[in-house]
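Here's a quick, friendly tour for anyone meeting this structure for the first time. Take a look at it below, then read on.

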Amino acid sequence: MSNEHKEWPLWEVFIRSKAGLDHKHAGSLHAADAQMAIENARDVYTRRMEGISIWVVESKHIHASNPEEADAFFDPAQDKIYRHPTFYNLPDELKHM
Amino acid sequence: MTQVSFEASFQKKIDEEIMIEPQDYMPDEYRKTLIRQISQHAHSEIVGMLPEANWITRAPSLRRKAVLLAKVQDEGGHGLYLYSAAETLGITRDQMLHQLHTGVAKYSSIFNYPTITWADMGAIGWLVDGAAIMNQVPLCRTSYGPYARAMVRVCKEESFHQRQGFEIMLNLSKGTPVQKQMAQDALNRWWAPALMMFGPLDAVSPNTAKSMEWRIKRFTNDELRQRFIDVTVDQIRLLGLALPDENIKWNEERGHYDSSELNWDEFWNVVKGNGPCNKERLATRVKAWEDGAWVREAASAYAEKRKTKKAA
Amino acid sequence: MSSVTTLKYTLQLADNVLIMGQRLAALCGKGPILEQDIALTNISLDQIGQARSLYQYAATIVNNMSVADKAQLFNAPLLQEKINNKLSITEDDLAYLRDAWDYRNCLLVEQENGDWAYTVARSFFFDRFQYLLYTAMLKSTDSTLAAIAEKSLKEVQYHIKWASEWVIRLGDGTDISKEKMQQALQARWEYTGEMFTMNELEKEAYNIGIGVDVSQLQQTYQQQIETIVQEAGLQMPTAAWMQTGGKNGVHTEHLGYILAEMQYLQRAYPNMEW
Ligand SMILES: [Fe+2]
Ligand SMILES: [Fe+2]
């Protein structure tokens, strides 16, 4: 029956869609171990040629920032627009930068 | 923050169309409603595999066989994405399956109707997936992040489902007289059940108002059902088939098609488990799950052994 | 005549993957867990895809033959009728209109799915063979067969990984799974010998350079199977007698039922487009 036995753990799947791009979260799935998780990810999340590389990590190992601290965490970055390249007003004639 | 301010900021996010994420505060009722809706949706995907899986081994050409197999497999994937979305709300997949297997959880009633001829594969893809898409597209912008993202993936994959179904219907309609008859028969049988997929009339639908407020739902049952009728009537004409309901008439004033009142008595009876295939569908799912128990256990045991071997 | 040999050889290859794919397709929606349901369907889809490429090639060969030659090829009345009416033959005609005695798949692939261990055992034995076969077929003088082998090989590599890992997992899992896996290996092993016994067609195909000498693959096969079986902590299965016949059209009773189900629409409503 369904609840007597321990469920296969949950894994988060990250997929690199093509060379040069970062791995991106694709979804999650269940698997008994890491090897099976990678293979299940291949079968479930790359059926339409969505990927060339797969990472999996057991969901319980993911640590997240606290949403209640979101203001303290992320607002200070808002006024640091000098980190963004569009902040700089440069002449249009300038190429290759 | 106090409870009151939590709730206020939650509602503010909803109103501003900001997505709610798993760790964010959410009212209990919102969480419960979501778990119910998402798991019901997931169950529908995997029970929904069965009436079509029926025909994979009998598909009339190798191309149709491959397409149907890929389509039914996709539905399994949809179930998987949706179970995963629900799991972020603090329920496990096993718990949800337990609810399904014990009859506590419901799934879409449409899958309790039998698939009798090959044309049913056409009618299901065209009408059932068509209705599902109409229900699902608005959910890509639903308020709960993991649900919305799962739906984006689902909707992307759904587009070929309806097309392959319509293509089957088109081939049959343009085929021999007996094939056309087969197509008409399937349309007649699946029409009303497909319309019932949009749920009961708004007037008697208890969950609609709150769900709309929370953006778990974005259009009412009646709105979506009408929209489906309007687009499908034109497709029936394109196929050259007879309308499955003699009361379908264009209503100039409303700018919509009128149609017969549905048999809600039948609807509620199928929901209650009295449909032609309720028992069989559930029994098939339960059997697959129970037959698989020793397999799942073996894989866990093996993983455990390897872990200790590595550690040693 | 070499085109007849190529045709029949291609059909034998096609029948194997079609029947295997058909068997696995029947499990769609009934797997032990969603993720594995999807994995199994992927394998089935690969095999049906391979079958389609092979039947399409076979159909081309038939369509390029002279009317007199074509007339000799098939017993099946519906196929005969098409040829007599000078209609061209399609992949579906070859899959759907030939009867059990025309089918040349090995007995292994038509065996029942059974429980998960039986399903795994059959795939384990078949996929290993396919891997060695396709690898050798890369050198076929028939460029189409070589190309199909090359494409299929990538798929089969994944299939053998999947099946081998399940043999190990079940063998080294619980007591119950170990017993079931051992039993399944034992029950299916007697169908493996046939794959390596050259029939007349295979000899001919090998002689003209398009086919593979399967008897040369047996030793490697045995070793590769043994390695996995050992890693799984299981006993190598034994057989007092190897069953044969499928490759010569003498099948187990299962095939008749498989075809009855698979072909019924084409037979109940002949000559229609679907
Ligand atoms: Fe779906
Ligand atoms: Fe679908």
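Between chain B and chain C, the rule picks out four salt bridges across the interface. One salt bridge pairs C:Asp172 with B:Lys309, whose closest N and O atoms sit 4.0 Å apart. Bear in mind that this is a predicted model. Across the interface of chain B and chain C there are also 18 residue pairs in polar contact, with both residues at pLDDT 80 or more.

So what does the B side bring along? Among the parts of chain B that each supply at least two residues to the side touching chain C are α3 (49–53), α7 (145–173) and α13 (293–311). The top contributor is α4(B), with 14 residues. By class, the residues on that side of chain B split into 27 nonpolar, 11 polar and 11 charged.

Here's the interface of chain B and chain C in brief:

| Item | Value |
|---|---|
| Chain B residues in contact with chain C | 49 residues |
| Chain C residues in contact with chain B | 48 residues |
| Area buried between chain B and chain C | about 4100 Å² |
| Share of that area on carbon and sulfur atoms | 69% |

Now for a helix pair inside chain B. Helix α6 (residues 119–136) and helix α10 (residues 221–239) of chain B pack at about 145°, their axes being 10 Å apart. The crossing of α6(B) past α10(B) is right-handed.

Definitions and conventions. Residues numbered from 1 in each chain as written. Chains lettered and ligands numbered in written order. Predicted model: local features only at pLDDT ≥ 70, side-chain atom pairs only at ≥ 80, totals over all residues. Heavy atoms only, no water. Contact = heavy atoms within 4.5 Å. Buried area = accessible area lost by both parts, 1.4 Å probe. Salt bridge = Lys/Arg side-chain N within 4 Å of Asp/Glu carboxyl O. Polar contact = N/O pair within 3.5 Å; in protein donor to acceptor, adjacent residues only side chain to side chain. Helix = DSSP H or I, 4+ residues; strand = E, 2+ residues; numbered from the N terminus. Nonpolar A, V, L, I, M, F, W, Y, C, P; charged D, E, K, R; others polar. Axes fitted to C-alpha atoms, helices over the stretch in contact; angles between N-to-C directions. Left-handed = near helix turned anticlockwise from the far one by under 90°.
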